[in-house]
Amino acid sequence: MKFASWMGMGAALAAMLAACGDDNTGTTTLPGTTTDVATSGETTTTASTTDTPTTDTPTTEGSATDSSATTDLSTSSGPGSTTDVSSTGTPGVCGDAIVDDGEECDDGNQDDTDVCTALCKNAICGDSLVILGVEECDDGNQDDTDACTNACKNAICGDMIVGPGEMCDDGNMVDTDDCTNMCAPADCGDSVVQEGVEECDDGNADDTDACLATCLNAKCGDMAIQAGVEDCDDGNMVNDDACSNMCKAPKCGDMIKQMGEECDDGNMADTDACLNSCKNAKCGDTIVQMGVEECDDGNMVDTDMCINTCKTAKCGDGKVQMGVEQCDDGNMVDNDACSNTCKSAAKIVFVTSTLQTGNMGGLAGADAICAARATAGGLAGTYKAWLSTDQVNGTPATRFTQAAVPYVKVNGVKVANNWADLIDGTLLSPIDVTELNGPAPQGNVGCPQGNPTVWTATNANGTLSNALSTCTNWTSVANGSLWGRTTVMDTGWTAWCSGGTCSWTAPIYCFQQ
């Protein structure tokens with residue numbers, strides 16, 4: 001109806017134009033149109049811009065218009081479409097549901113999201129129009145790496161196209177290959193264990209847990225200390241350094257002999273050859289070694305219940321047990337100076353284990369030294385010093401008990417058979433053993449120096465040698481003296497050298513009374 005109406009209006013327009021004659025400069029305006037008449041005799045009619053839809057009307061043959069004139073009526077036939085009406089025939093209109101020449105399709109609607117566009121073109125991927133139910137997107141380009149692929153699909157991880165924000169896309173859901181399911185290259189620390197490459201991956205850089213920052217399983221020797229499992233980890237296989245091959249800190253009892261340890265048997269038995277302190281068991285360590293020692297009192301005192309060889313003291317061991325034995329000559333000869341019960345009828349003589357100057361506090365002070373040393377050696381009885389003064393009864397010959405029994409050393413070895421034998425100028429054995437049954441000490445007496453000397457100021461017969469040799473009766477370090485020698489058996493045992501100074505140091509002889 002609309003098209004026929006417009007055709008009638010075109011005929012009326014043509015008649016009016018014919019009535020105008022040759023006046024080419026005139027212009028006649030019809031309601032709803034504007035007609036421009038050019039000097040060439042052509043007439044152009046253009047629909048006005050009103051709300052009423054317009055239709056292009058072809059030139060009508062036989063009208064009053066110049067036969068050479070052409071009338072163009074261009075009218076929009078619908079959104080997105082323009083139809084040119086020529087003198088050759090009836091034009092097609094996009095949107096009339098009829099596929100005309102030049103149209104690929106015509107579904108009679110203006111919906112750009114179905115398979116036929118408003119331009120009567122078949123919808124295709126890449127036309128910038130999204131077909132509902134078919135396309136997810138359509139950005140109108142052939143860029144396969146943006147948010148919309150060339151297949152008009154939204155770019156996603158796993159589509160085998162490296163899209164925005166992706167570093168790789170292998171198109172699979174295998175999370176343990178080179179490209180993860182997040183389309184990122186597999187990397188140590190991404191919490192995904194890459195097969196054949198990583199042993200573990202806990203997603204952190206903590207080197208103290210079960211998985212290292214290198215994605216290797218933690219183990220002893222990897223130089224990383226595993227918390228709660230390892231004490232240390234020095235990365236080597238040296239077992240006796242500061243960290244064992246089990247990654248444990250060294251300690252006594254781990255069966256590894258470390259520097260500073262003498263042994264390590266890995267047990268807590270303190271009575272075997274290796275102590276709990278990882279020291280070799282030995283006599284004097286206060287621990288009785290089973291099957292080896294009888295006792296161990298931890299000291300070097302040879303006169304108590306446990307001698308220095310860690311044997312229980314007994315008569316015949318050559319050690320005089322303090323408070324128990326009077327003598328011990330180490331033999332089972334019962335008719336010598338020391339009986340088989342370590343009882344003695346003899347008198348004990350010893351050289352002190354201590355050194356002193358010539359100022360000993362007089363004879364009384366010297367006798368006190370002998371008494372103290374006898375007590376230290378566990379020797380019973382009264383002892384006096386073999387020293388002389390210029391005082392009355394100030395010599396051994398005048399103040400000693402002149403025994404009729406033998407004089408013996410603490411080890412039971414006889415020195416003299418009796419007093420007469422003692423002072424005859426020759427001893428049976430040198431007096432070279434201390435109250436502790438040890439060797440005589442050496443002072444700094446220089447006549448000549450280097451020999452074990454002893455204070456005496458006494459002749460071999462027990463008398464005063466010289467009043468000037470007594471260090472002022474053993475109360476001064478001034479002047480000189482007379483010394484004996486502990487290693488000889490002739491008269492030199494008591495009168496070997498003289499002179500020097502009383503400030504030198506030497507031991508003294510002590511005799512049981």
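C157 is partly exposed, with a relative accessible area of 28%. Here buried means under 20% relative accessible area, exposed means over 50%, and partly exposed falls in between (1.4 Å probe, protein chains only). The model is predicted: local features need pLDDT of at least 70, side-chain atom pairs count only at pLDDT 80 or more, and totals for chains, interfaces and linings use all residues. Residues are numbered from 1 along each chain as its sequence is written, and side-chain values use heavy atoms, with hydrogens and water left out.

C157 forms a disulfide with C183, S to S 2.0 Å. A disulfide is a pair of cysteine sulfur atoms within 2.5 Å. C157 and C183 both sit in the loop between β4 and β5, 26 residues apart. The link is right-handed, with 100 degrees about the S-S bond. C183 is buried, at a relative accessible area of 2%.

Now take C252 and C278. Their disulfide also has an S to S distance of 2.0 Å. Both cysteines lie in the loop between β4 and β5, 26 residues apart. C252 is partly exposed at 28% relative accessibility. C278 is buried at 1%.

C283 and C310 form another disulfide, with sulfur atoms 2.0 Å apart. The torsion about their S-S bond is about 100 degrees, so this disulfide is right-handed. Both cysteines lie in the loop between β4 and β5, so the pair ties together parts 27 residues apart in sequence. C283 is partly exposed, with a relative accessible area of 28%. C310 is buried at 1% relative accessibility. The whole structure has 18 disulfides.

T149 belongs to the loop between β4 (81–83) and β5. T149 is buried, with a relative accessible area of 5%. Beyond its neighbours within four places in sequence, T149 contacts C137, D144, A155, D159 and I161. Contact means heavy atoms within 4.5 Å.

Next comes the sheet. Its 5 strands run in the order β6-β12-β5-β7-β8; the sheet is open and the pairing mixed. Strands (E, at least two residues) and helices (H or I, at least four) are DSSP runs, numbered from the N terminus. Two strands pair if DSSP finds at least two bridges between them. The edge strands are β6 (383–385) and β8 (414–416), each pairing on one side only. β7 (residues 407–408) and β8 pair in the antiparallel sense over 2 bridges. V408 stands opposite K414 in β8.
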